Structures are given as C-alpha cells and as structure tokens.
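Thanks for coming, everyone. Please look at the model on the screen, and we will walk through it together.

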Amino acid sequence: MIGTHDLPLFVLSALLLNITPGPDTLYIVGRSSTQGFKAGAVAALGIGAGIMVHVAAAALGLSAILAASAEAFTVLKLAGAAYLVYVGISLMRFRGASANAPAPGRATLRTVFVQGFWTNMLNPKVALFFLAFLPQFVDPAAENRMLAFLALGLLFNLNGTLWNLFVAWSAARVGRSLGHSVWFNRTVGALFVYLGARLALSER
C-alpha cells in the first residue's frame, strides 16, 4: 500500500485490537441478542461510521488538539460517559417482545445505527488510539501522508466491521437460544453503565 510500511504487522495488530471486547462489542451483543442479526449488523455499521470520523480527525490532526487540551478531553470524556450510561439504561429497559407486538424498549434500526455511531464517536480514547497507532505504519517519506492515514484507517475499519458482523451473527444465535433473555440484556446494559462511570473517572 502506497505510503505505508509493515502492512502485514498492521493487519495482524488491527485484528488483535478489533477482537478485544469493549463498549462497541457490548453494544452489538446487546442489540443482536434481543433484536436479531439485522439490528446487530446495523449497530456494527454505525460503529464503523464512527471509526471513520476518528480516522479522518487523526489524519487532519484534530486528535492532536484533543490530546493537547485537557479541557477538550474532559468535555468529550464526560459526554461519552453520559452517553454510555444512557445507552446502558435503554438496554436495561428492554422488556422483550411478544409474538403480536413489539416491546416498548425495542429500538428502530435508525436508532440502533445512531447509537452505535455516537457510542464510538464520543469515546476520546478511540480518538487518541488512532492518533498513536496509525502513524507507526505511515512512511515518513510518503508524498501524501494523509492519504496513507486514511487508507490504513479504512483497512482497520474493514477488518473491524467484518469481525463485528461475526459478533452480531453469533450473538443473534445465542439470543435465539436464550429466548431473547431480558436478564441478559439487563446485564449488558449494566455493563454499559459501569463502562460509562469508569470513563468519567478515568485519567487522560
């Protein structure tokens, strides 16, 4: 790939990072297990859209501003923490669905996509991760470093989205076997609330 180096190492590192569970994975599991594979796939696409915004920000240097400004980091951190808690509570409120009517807590696919997007977008650690990770594989002598940045980010996102789709499919199968357990979704929601609280209390 033009403007990059150690591409096999990048692909391997990206794969290992993508399969590490985090808020994104939990969100996909929560939606897939209660609303099926389609909802999980839409959640994965929303998360992928959020990742591309972080990649673009890193390529443009906006993430460097976030890294340098304690105030900017704190604002984004608290907004992200509040949103994780909000999503966690919405997951905990899911009551399951009867054969004749949708559940009150059942989200539309548009809502699932938007929540996936903001779950990823409002996490400042994701922005700082791309700022630290991608430059290691960009050739300093590249004619267009921004293009190399974007190409690596797209490759990272493609691998991550494929993995997330597999997670969605697996969680949907488990959800069917559990009968869309209300308690399972409440557990995922509680974990989201915990992650939100941990993010709010985290240091830079």
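**The pocket, the core and one serine**

Let's start with the lining of the largest pocket: by class, 11 residues are nonpolar, 10 polar and 3 charged. Here nonpolar covers Ala, Val, Leu, Ile, Met, Phe, Trp, Tyr, Cys and Pro; Asp, Glu, Lys and Arg are charged; the others, Gly among them, are polar. This is a predicted model: local features need pLDDT of at least 70, side-chain atom pairs count only at pLDDT 80 or more, and totals for chains, interfaces and linings use all residues. Residues are numbered from 1 along each chain as its sequence is written, and side-chain values use heavy atoms, without hydrogens and water.

Which element gives the largest share of that lining? Helix α7 does, with 4 residues. Helices are DSSP runs of H or I, at least four residues, numbered from the N terminus.

Now the core. The largest nonpolar core has 39 residues. Such a core is a set of buried Ala, Val, Leu, Ile, Met, Phe, Trp, Tyr and Cys residues joined through side-chain atoms within 4.5 Å. Phe10, Tyr27 and Phe192 are among those with the most contacts inside it. Contact means heavy atoms within 4.5 Å.

Last, Ser13, in helix α1. Is Ser13 buried or exposed? Ser13 counts as buried because its relative accessibility is 19%. Buried means under 20% relative accessible area, exposed over 50%, partly exposed in between, with a 1.4 Å probe and protein chains only. Beyond four places in sequence, Ser13 contacts Phe133 and Phe137.

Terms used. Helices (H or I, at least four residues) and strands (E, at least two) are DSSP runs, numbered from the N terminus.
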